[in-house]
Amino acid sequence: MKGIDLEYRIVGNGESTLILETGIGGSFYNWYSFIQEIKKHFTVVLYHRAGYGNSPISKKARTTKNIAEELNDLVEEIGITDKFILMGHSFGGLCAQQYALMYPHKIKCLILVDSTSHNFQKLYDLTIPVMNSLISVDERIKINLNNSQQTKEELQLKYTDMINDYNKILPSQEVKGFEQFMTNPLLYKVIANEFENFGESSKTIQAMGEFPQIPLIVIARDKEISIKSFTENDIPEEEAVLYEHVWRELQIELSQLSSKGELVIAEGSDHQVHLDRPDTVIQSLKRFL
């Protein structure tokens, strides 16, 4: 491989190839149940970005540009020559936007699942002090750098409930891999670096000019569900409503990047659309079989 020897798996043997770009801090284990539902129809390429799982850490900054170049090296190593579907969730959607700008000739369709926008800063320019104290980019950097200073045992204790939940979902041979993923302190240093480069990544995407006119589906969460979730976690309702209003505007904006773009609302779903409404995502995917 040209660059980093990224960890990847190929599942299924369908004629259409789907490459999945996970959200920030997310693993392909998080998509296990979803993949079981589509593997008869697609050849699915799952991978871990540099510093995630068994993928070694890169010396390069965790910008979407570097991530896209590393993904393309993997695409070439695997030997994918036909156009493929690229699907990105959350921050993975931002990485997917970057990839589509750099390698549009390789994309059959781009699917953005409740994706981060290159105009994400609009969210943090809002007057939402409580929310910003909990989920701002700076706060997430701080949290992940703190995690990176903890031991494997401390992280195991911190994420015990999550690990136990996945014990019920994953096959026995996968459980250990997910536990190792979550309890590796170096992972959180990489996540922090991805957050630290949000601004740089956004500027790079904006500077690349017109988006390629490729088929594009943007799947957005149900804002009423997200507002309810935020308020249940002690976010003032007025802040949650304002945040979700702008988040939806950004999803609409993403769907208009291409003249072949469209917006799909995942009714009844929060941010983890592939878990809350897998049928909505699958329906969009099957249009490109």
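Colleague: How far is the sulfur of C109 from the closest cysteine sulfur?
Modeller: In this predicted model, the sulfur of C109 is 18 Å from the closest cysteine sulfur, which sits in C95, and that is too far for a bond.

Colleague: And which cysteine is closest to C95?
Modeller: C109, with the sulfurs 18 Å apart, so a bond is ruled out from that side as well. A disulfide would need the two sulfur atoms within 2.5 Å.

Colleague: Is C109 buried or exposed?
Modeller: C109 is buried, because its relative accessibility is 0%. C95 has 2% and therefore counts as buried too. The cut-off for buried is under 20%.

Colleague: What share of the 289 residues is buried?
Modeller: Buried residues account for 55% of them.

Colleague: What about secondary structure, how many helices and strands?
Modeller: There are 15 helices and seven strands. Of the contacts between residues at least 6 apart in sequence, 78% join residues at least 24 apart.

Colleague: What is the accessible surface of the protein?
Modeller: About 13,000 Å², with 49% of that belonging to carbon and sulfur atoms.

Colleague: How many positive and negative side chains are there?
Modeller: The protein has 29 positive and 40 negative ones, and the centres of the two sets are 5 Å apart.

Definitions and conventions. Residues numbered from 1 in each chain as written. Predicted model: local features only at pLDDT ≥ 70, side-chain atom pairs only at ≥ 80, totals over all residues. Heavy atoms only, no water. Helix = DSSP H or I, 4+ residues; strand = E, 2+ residues; numbered from the N terminus. Buried < 20%, exposed > 50% of the residue type's maximum accessible area, 1.4 Å probe, protein only. Contact = heavy atoms within 4.5 Å. Areas by Shrake-Rupley, 256 points an atom, 1.4 Å probe, with all protein chains shown as cover. Lys, Arg positive; Asp, Glu negative; His and termini not counted. Charge placed at Lys NZ, Arg CZ, Asp CG, Glu CD.
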